[in-house]
Amino acid sequence: MSRPAETASFCFNHTMIRVKDPQVSVKFYTEILGFSLLSRKDFSDFSLYFLAYLTPEQESLTAAQKENLRFAREGVLELTHNHGTETDAEFKGYANGNTEPGKGFGHIAITVDDVEKACERFEALNVNFKKRPSDGTMRHIAFILDPDGYWIEIVPKVLTL
């Protein structure tokens, strides 16, 4: 079924998740998962961090050019930080969507060339796992946890369900 002509220019741009400590989360997504920071926007009560995978050519773009990519592409992850959560001892974190209360949102996913090798790297970097490839019946995928407990599915680039 083809989509309505009026939606021909529509694309899925980004997903937003809230994070407790942006320094920890941005470091995780850039250094562990290899995302690049497209832009950061600070407001009085919150800050937004837009991340995406870039090609080698895009990596050499200026900060302004990367910022212009923010809404002109697919596959962007927006991290929202509500100021003060990183130092609030009473802050209990955000619902990850996989447990009650707040069950709904499930996970984001990244594709990799080799799930086992990616998981070996995550293991060496002390990343927390929800599911290793050797766990359960779906042995060709894994789930890792980001610093806020959000699930990230690790899947091969070709996957038969």
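This is a predicted model: local features need pLDDT of at least 70, side-chain atom pairs count only at pLDDT 80 or more; totals for chains, interfaces and linings use all residues.

Guide: Start with the buried side of helix H1. Pro22, Ser25, Val26, Phe28, Tyr29 and Ile32 are the buried residues in H1.

Take the two ends next. Asp21 caps the N-terminal end of H1. A side-chain oxygen of Asp21 lies 3.0 Å from the backbone nitrogen of Gln23.

Ser25 lies in H1. Is Ser25 buried or exposed? Ser25 counts as buried because its relative accessibility is 1%, and the cut-off for buried is under 20%. Leaving aside residues up to four places away in sequence, Ser25 touches Val19, Leu79, Pro147 and Asp148.

Follow the contact to Leu79. With the same exclusion of residues up to four places away, Leu79 touches Ile17, Val19, Ser25, Val26, Tyr29, Ser47, Leu48, Tyr49 and Leu51.

In soluble globular proteins, nonpolar side chains tend to be buried together.

Ser47 is another contact of Leu79. Ser47 sits in strand S3, residues 46-52. Ser47 counts as buried because its relative accessibility is 2%. Its side chain makes a polar contact of 2.5 Å with the side chain of Asp42. A polar contact of 2.8 Å joins the side chains of Ser47 and His83. Beyond residues up to four places away in sequence, Ser47 touches Arg40, Lys41, Asp42, Leu79, Thr80, His81 and His83.

Next, the largest pocket. It holds about 380 Å³ of space. Its lining has 15 residues, and Phe35, Tyr53, Gly75, Ala109 and Ile110 are the closest to its centre. Which strand gives the most to the lining of the largest pocket? S5 does, with 5 residues. Strand S1 (14-19), strand S4 (76-82) and strand S5 (108-112) each supply at least two residues of that lining. By type, the lining divides into 10 nonpolar, 4 polar and 1 charged.

Some backbone details deserve a check. Pro101 is found in the loop between S4 and S5. The peptide bond from Glu100 to Pro101 is cis, with omega near -10°. Asn126 is in the loop between H4 and S6. Asn126 is not a glycine, yet its phi is positive, at about 60°. Most residues other than glycine have a negative phi, and most peptide bonds are trans. Asn126 counts as exposed because its relative accessible area is 66%, and the cut-off for exposed is over 50%.

Asn128 lies in the loop between helix H4 (115-124) and strand S6 (129-131). Asn128 is exposed too, with a relative accessible area of 52%. Asn128 touches Ile144 and Leu145, not counting residues up to four places away in sequence.

Finally, step back to the whole chain. The chain has 4 helices and 8 strands. From the N terminus on, they run β-α-β-β-α-α-β-β-α-β-β-β. The C-alpha trace spans about 50 × 45 × 35 Å along its principal axes. Of the 161 residues, 38% count as buried. Among contacts between residues at least 6 apart in sequence, 58% join residues at least 24 apart.

Terms used. Residues are numbered from 1 along each chain as its sequence is written. Side-chain values use heavy atoms; hydrogens and water are left out. Buried means under 20% relative accessible area, exposed over 50%, partly exposed in between (1.4 Å probe, protein chains only). A polar contact is a pair of N or O atoms within 3.5 Å; within protein, one must be able to donate a hydrogen and the other to accept it, and residues adjacent in sequence count only if both atoms are side-chain atoms. Contact means heavy atoms within 4.5 Å. On a 1 Å grid over the protein atoms alone, a cavity is a set of points where a 1.4 Å probe fits but cannot get out, and a pocket is an open set with protein on both sides within 12 Å along at least five of seven lines; lining residues have an atom within 4 Å of a point. Grid points are joined across faces, edges and corners, and a volume is the space filled by probe spheres set on the points. Ala, Val, Leu, Ile, Met, Phe, Trp, Tyr, Cys and Pro count as nonpolar, Asp, Glu, Lys and Arg as charged, and the others, Gly among them, as polar.
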